[in-house]
Amino acid sequence: MHDFNFKANELYCEGVKVSTVAKSVGTPFYLYSHKTLVDHFRKVQKAFEAVNPIVCFAVKANGNLAVLKTLADEGAGFDVVSGGELKKVLKVYADPKKIAYASVGKTDEEIVLALKAGILFFNVESLPELERINLIAKKLSKKAPVALRINPDVEAPTHKAITTGTLKNKFGIDLKTARAILTSQKKYPSVNFKGIHIHIGSQIIKVQPFVDAIKKMIVFLKDLETRGVRLEYFDIGGGMGIMYYQMQTPTAEEFAQEMVPLLKQTGMKIVLEPGRFICGNAGILVAKTLYLKDNGAKKFLIVDAGMNDLIRPSLYNAYHNIVPVKKTKVKESVMDIVGPICESGDFFAKDRPFPELKSGELVAVMSAGAYGYAMSSNYNIRPRVAEVMVKGATWEIIKQRETFSDLVRGETIPKFLK
Ligand code: LLP
């Protein structure tokens, strides 16, 4: 499942001791396994090979250039959602013809950038956006490739903050409007309608919601065909969930097994947009114990990473397994594992049995490779942490820890205060 394992009571990433990296880089830091990234990408590609999909890694999950380069070298495409993400994937020489661009709020500048880059298609999320893209493409004398992002109105069983496929969410175009657009394509002469797109949510650990959504789209596509509309691409989005800790989650093959026969039926070219499935278990967050505090009612292990470094527990009440980097025989007690941030919501674990570590001892927050660094911030004026990648027995810093000058860059005191 991943390449973070204990050997002689020490946590390793592939062939590298985690504690060795900590000694050199300091803490906290994110640590990624190159092998796990590649393995997970290949697993998805292989599981769906019968439909020969374009696997577009969702950059929002982890946008580090080294991660993107690792996947680009494997032939991955990319799902981007901003001009910044687009520029980053172009920097690692991603094939523009494998770039899908979603987002409910693309700006004119971003649309121009993507049109000039020659991407596979825009995933268009509203009628006004379609009209805007049509207009901008006309001005540039280009035809804009477009897949309509359809909101299939299916409920996915996941945290409410990360479900996207119902009409209560801001995403995608409702079926009726989509049908009206696709049957009057001539109204948008500078648009080339390439396909449809769905994305029903994230961390979905059942196959059924995907099956339901795809089936719903097949009905929609058949209806379109009777009206003389045939499209080339079906982009089924991301959302395949991963195992955070001792839970039953489908493997790539299990997801594919039920989806592939349906996808084959469409006869369309298939695009997937997995993010978490590829990088979630390929990364950990390493932190150092500062203090073990006992207030008489409760124990708190205070570490040097905080919610600004990994916000998932605070934001979604997400469960991440946490392990000491060196296995220890010291007494376990039930405690909260928390960061130094001035908020009660700053925690990594609540009421968890954990060894009573001493100051300086290291802990690893597991499965932190997706939406970890990517969602980090400078809250409490904390520098963003370093990122490190391991390949076999070698490792390298792939993003330097921020310094104080990074934290004040661009800030000035106005003349009227001087
Ligand atoms: N495609 C689209 C259009 C998306 O909006 C997303 C994720 C993906 C693909 C990739 O989904 P994945 O395969 O990674 O589930 N911050 C949250 C997750 C937000 C997901 C947003 N969209 C978390 O930490 O759980």
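**Ligand site briefing**

In this predicted model, an oxygen atom of the ligand lies 2.8 Å from a backbone N or O atom of Gly239. The protein buries 91% of the 580 Å² that the ligand exposes when taken alone. Residues from both domain 1 and domain 2 contribute to the shell around the ligand, at least three from each.

- Gly239, like the lead sentence says, uses a backbone N or O atom.

**The shell**

- The ligand is surrounded by 19 residues.
- Ser202, Glu273, Arg312, Tyr316 and Tyr371 are the closest of them.
- By class, the shell holds 6 nonpolar, 7 polar and 6 charged residues.

**Domains**

- The protein is split into two parts: domain 1 covers 4-31 + 280-408, and domain 2 covers 102-272.
- The centres of domain 1 and domain 2, taken over C-alpha atoms, are 36 Å apart.
- Contact between the domains involves 10 residues of domain 1 and 8 residues of domain 2.
- Each of these domains also supplies at least three residues to the shell around the ligand.

Terms used. Residues are numbered from 1 along each chain as its sequence is written. This is a predicted model: local features need pLDDT of at least 70, side-chain atom pairs count only at pLDDT 80 or more; totals for chains, interfaces and linings use all residues. Side-chain values use heavy atoms; hydrogens and water are left out. A residue is near a molecule or strand if one of its heavy atoms lies within 4 Å of it. A polar contact is a pair of N or O atoms within 3.5 Å; within protein, one must be able to donate a hydrogen and the other to accept it, and residues adjacent in sequence count only if both atoms are side-chain atoms. Accessible areas come from the Shrake-Rupley method with a 1.4 Å probe; for residues, only the protein chains shown count as cover. Ala, Val, Leu, Ile, Met, Phe, Trp, Tyr, Cys and Pro count as nonpolar, Asp, Glu, Lys and Arg as charged, and the others, Gly among them, as polar. Domain bounds come from an automatic or database domain assignment. Contact means heavy atoms within 4.5 Å.
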